[in-house]
Each structure stands twice: as structure tokens, then as C-alpha cells.
Amino acid sequence: MTALISESWTRIENWLAEHAPATYAALAPPADPADIAATERAIGRPLLKPLVMSLLRHDGLLDQRGSLLPAFYRPMSAREITAAWHLLTGFYDQCMADEKGDEADYDFMKIGSSSVLYGHPQLIPIARDLGGGHLVLDHRPEIDRGRVHEAEAVEGIMRVPHEMWTSLPVLMEAIATSLETSQPLNDYTPAVDEEQRLYWDFIPLGNDRTLHRS
């Protein structure tokens with residue numbers, strides 16, 4: 001059974017406090033519920049509960065250079081989520097999506113990527129990297145609801161098959177376990193730099209498809 005977001009956050013916090021104090025200090029305080037409500041008004045739908053619970057624990061990461069999630073992603077605050085959503089949805093081509101119809105979803109599930117879905121208003125950005133790529137949480141009422149995808153301008157939305165992207169609670173629990181055991185997570189191994197910040201060292205260990213950056 002997958003752990004609650006709050007339980008995973010406690011494990012992550014404890015590890016960071018002992019091993020990566022700079023990243024621990026960069027964890028933002030809880031989000032203001034008013035900011036979460038403003039985000040929901042902007043996107044026109046309630047945020048999924050795991051995302052709300054995570055924001056109420058930490059409203060992103062204060063260190064703009066830091067990365068808490070594998071593949072160098074930094075979780076965003078509620079206000080940053082709103083700004084990123086407005087940015088990404090500006091690239092969404094509704095006409096092309098209507099023309100492709102179910103074919104776009106079929107290609108996404110079978111091929112694992114879709115340029116048509118890039119900027120889809122129900123794919124809510126939750127984290128970003130220094131290169132401008134995002135992680136998005138799928139809020140669509142279909143089979144992938146609650147799954148985490150990668151969003152990148154050139155390749156579009158990418159559906160990475162590794163089980164850690166199944167949901168936000170699964171991802172956070174996987175991160176906590178990887179930190180505690182020093183075991184790789186989809187070819188990313190937790191490490192600490194000279195400034196006592198957490199980073200993820202990319203070391204390909206198998207044949208599983210990983211996120212596109214190395």
C-alpha cells in the first residue's frame with residue numbers, strides 16, 4: 001500500500017536534515033490556502049488531493065538551483081504552478097487536438113510521447129528544471145489521472161513507464177526509500193554536493209527507459 005504524502009515528506013525531511021542540510025533549509029514553508037485556491041480558480045478545476053497535501057507541507061523549494069526530484073526537477077509553489085500553467089497552455093493547439101481526437105491519446109499510450117498534448121490545460125505543472133522542462137500531474141478524467149509525466153517543448157508530453165511516475169504519492173515514497181537506502185531510482189542515485197545540497201547522479205544501470213536528460 002502506498003504511503004501518504006505526509007509520511008513520505010517526514011522521511012524525506014529527516015534524511016535531508018541529517019545528510020543534506022542546505023536542501024532541508026531550502027524547503028519552503030506550507031502554502032497559503034488562499035494561494036492554492038487562487039491556483040484552482042486560474043486553472044478552472046480542483047487540484048488533486050495529493051498535490052494539495054504536498055503544497056500544504058512545503059510550498060515548493062526556495063533554492064532555484066536545487067532539485068529535490070529525480071532528473072533535476074525542483075517542486076514549484078502554488079503561485080509558480082499558476083504562472084507555469086498559463087505559460088504552457090499558451091502552446092496548446094485546440095484545433096489540432098480536436099483533429100487528432102482519440103488518436104492523440106492512443107499514440108500517447110502506445111508510443112509514450114505526444115506533441116499534441118503539450119500544454120493541455122488538464123496537465124498541471126508541478127515541478128521544473130533549469131532547462132525549462134516540467135513535470136506535469138495528469139488531471140484528465142481518463143486512465144492516466146494522477147500520473148506524473150514529463151513536458152518538454154521539443155518532444156511534447158512524455159509518458160515514462162517506470163512505476164515511480166504512477167502517481168505523486170508513489171513518487172514521493174520512492175524518493176524517500178531511495179534516500180534512506182542510497183539505492184538508484186530509475187538510474188538516478190541520490191548524492192550530496194560540497195554545499196550540502198541534494199542532487200541526483202545519473203548512472204544508467206539497466207535497459208528501462210529513463211527521462212531524456214542525462
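Predicted model: local features only at pLDDT ≥ 70, side-chain atom pairs only at ≥ 80, totals over all residues.
Ala 176 lies within helix α8, which spans residues 168-181. The relative accessible area computed for Ala 176 is 0%, so the residue is classed as buried, the cut-off for that class being under 20%. Apart from neighbours within four places in sequence, the contacts of Ala 176 are with Ser 8, Arg 11 and Ile 12. For Ala 176 and Ala 22, which are 154 residues apart along the chain, the C-alpha atoms are separated by 17 Å.

Leu 198 belongs to strand β8, formed by residues 198-202. With a relative accessibility of 3%, Leu 198 also counts as buried. When residues up to four places away in sequence are not counted, Leu 198 touches Trp 15, Leu 16, Ala 20 and Thr 23, together with Ser 67, Leu 68, Leu 179, Pro 190 and Ala 191.

Asp 144 is buried, since its relative accessible area is 4%. A polar contact of 2.8 Å joins the side chain of Asp 144 to the side chain of Arg 159. Arg 159 is also listed among the residues in contact with Asp 144 once neighbours within four places in sequence are set aside; the others are Phe 108, Met 109, Asp 138 and His 149.

Terms used:
Residues numbered from 1 in each chain as written. Heavy atoms only, no water. Helix = DSSP H or I, 4+ residues; strand = E, 2+ residues; numbered from the N terminus. Buried < 20%, exposed > 50% of the residue type's maximum accessible area, 1.4 Å probe, protein only. Contact = heavy atoms within 4.5 Å. Polar contact = N/O pair within 3.5 Å; in protein donor to acceptor, adjacent residues only side chain to side chain.
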